[in-house]
Amino acid sequence: MDERQRDLQLGIRTTGIREWKNEDGPYNRYEATPYLALDQLLKYYSFFEDAHLVDFGCGRGRVSFYIHHHLEIPVSGIENNDRTFDELLTNETIYRRHNEHITAPLYFEFGLAENYDIQSNENVFFFFNPFSLKIFKRVVHRILNSYKENERQMDIIFYYPLASFKQFLDQTPFTLINRIKVPKVGHGKHGEFLIYRLTPDHHAN
Ligand SMILES: C[S@@+](CC[C@H](N)C(=O)[O-])C[C@H]1O[C@@H](n2cnc3c(N)ncnc32)[C@H](O)[C@@H]1O
């Protein structure tokens, strides 16, 4: 089944790419995480029982809807491209119509990931190469501040990990706990998820 057919099953449209006018800017283009990769994530990664996922740079919402649909856990998504956000809201309307039985909250916010107020119950943070390392550091800083305010187990799920981002995460209190390879999706050596964990006995700097 191709990506469009997988979309149809969820009642959404998430295929394609959207570049920014300024391609050299700090914000990366829209492109959805491949469904094959998400299938592997569900197979090899166990979400916490009280997981609340945040997708930083959620685009048209593929990851959000997929996880909400399959696991029925709360999901929040933040997106700062206005056209992409409009498409996300259209997807949300149809998705909700198909999935009225799912009571877990689903929340989307238009804005910058680096300004997002992380809620004290949010504990799984998803990234698919949304922005520059400088912005990523600011977001991780906010995650660590949220941890200090309310110590809880937290995971970062990182798809398409670039070397500089890995090097940065290795200097934080997060520990790499898992690597899920997805060789068939055409992203070469970047076709993998890295899972980083922070556990409550660890003191964030
Ligand atoms: C590679 S796409 C990933 C989409 C989605 N997370 C997925 O995996 O299917 C990255 C998205 O991040 C958005 N983005 C880039 N910089 C952002 C920022 N500072 N705040 C919020 N969203 C941002 C882009 O517009 C794009 O839609």
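## Strand β3 and its partner β4

In this predicted model, D55 stands opposite G77 in β4. The two strands concerned, β3 and β4, run parallel and are joined by four bridges. From β3, L53 and D55 point one way, whereas V54 and F56 point the other way; all of these residues are buried.

Strand β4 (residues 75-79) is also joined to β5, by five bridges, and these two strands likewise run parallel. Within this pairing, V75 has L106 of β5 as its bridge partner.

## The sheet and the helices packed on it

Seven strands make up an open sheet of mixed pairing, in the order β5-β4-β3-β6-β7-β9-β8. Its edge strands are β5 (106-110) and β8 (175-181), each of which pairs on one side only. On average, and with direction ignored, neighbouring strands of the sheet are turned by 15° against each other.

Helix α4 packs on the sheet and touches β4 and β5; the direction of α4 makes about 165° with that of β5. Helix α6 (residues 163-170) packs on the sheet as well, touching β7 (154-159), β8 and β9 (192-198). The direction of α6 makes about 15° with that of β9.

## Aromatic pairs and one cluster

The structure holds 20 aromatic pairs. F56 belongs to strand β3 (residues 53-56) and Y116 to the loop between β5 and β6 (124-128), so the pair ties together parts that are 60 residues apart in sequence.

Buried residues are those under 20% relative accessible area. F56 therefore counts as buried, at 0% relative accessibility, and Y116 counts as buried at 3%. Both residues also take part in one aromatic cluster, formed by F56, Y116, F125, F127, F131, F136, F158, F165 and F168.

## Helix α1

Helix α1 comprises residues 3-10, of which R6, D7 and L10 are buried. Viewed down the axis of α1, the buried residues fall within an arc of 105°, so they line one face of the helix. An α-helix has 3.6 residues a turn, so residues three or four places apart point the same way. R4, L8 and Q9 are exposed on the other side of α1. The buried residues of α1 pack against three helices: α2 (35-44), α3 (62-71) and α4 (82-98).

The N-terminal end of α1 is capped by D2, a side-chain oxygen of which lies 3.1 Å from the backbone nitrogen of R4. After α1 comes G11, with a positive phi near 80°.

Most residues other than glycine have a negative phi. N129 has a positive phi, near 35°, and is not a glycine. This residue is placed in the loop between β6 and α5 (133-149). With a relative accessibility of 18%, N129 counts as buried.

Y160 is likewise not a glycine, and its phi is positive at about 65°. The position of Y160 is in the loop between β7 and α6.

How values were computed: Residues numbered from 1 in each chain as written. Predicted model: local features only at pLDDT ≥ 70, side-chain atom pairs only at ≥ 80, totals over all residues. Heavy atoms only, no water. Buried < 20%, exposed > 50% of the residue type's maximum accessible area, 1.4 Å probe, protein only. Arc of directions from axis to C-beta. Contact = heavy atoms within 4.5 Å. Polar contact = N/O pair within 3.5 Å; in protein donor to acceptor, adjacent residues only side chain to side chain. Pairing = 2+ DSSP bridges. Axes fitted to C-alpha atoms, helices over the stretch in contact; angles between N-to-C directions. Phe/Tyr/Trp six-rings, centres within 6.5 Å; stacked < 30°, edge-to-face > 60°.
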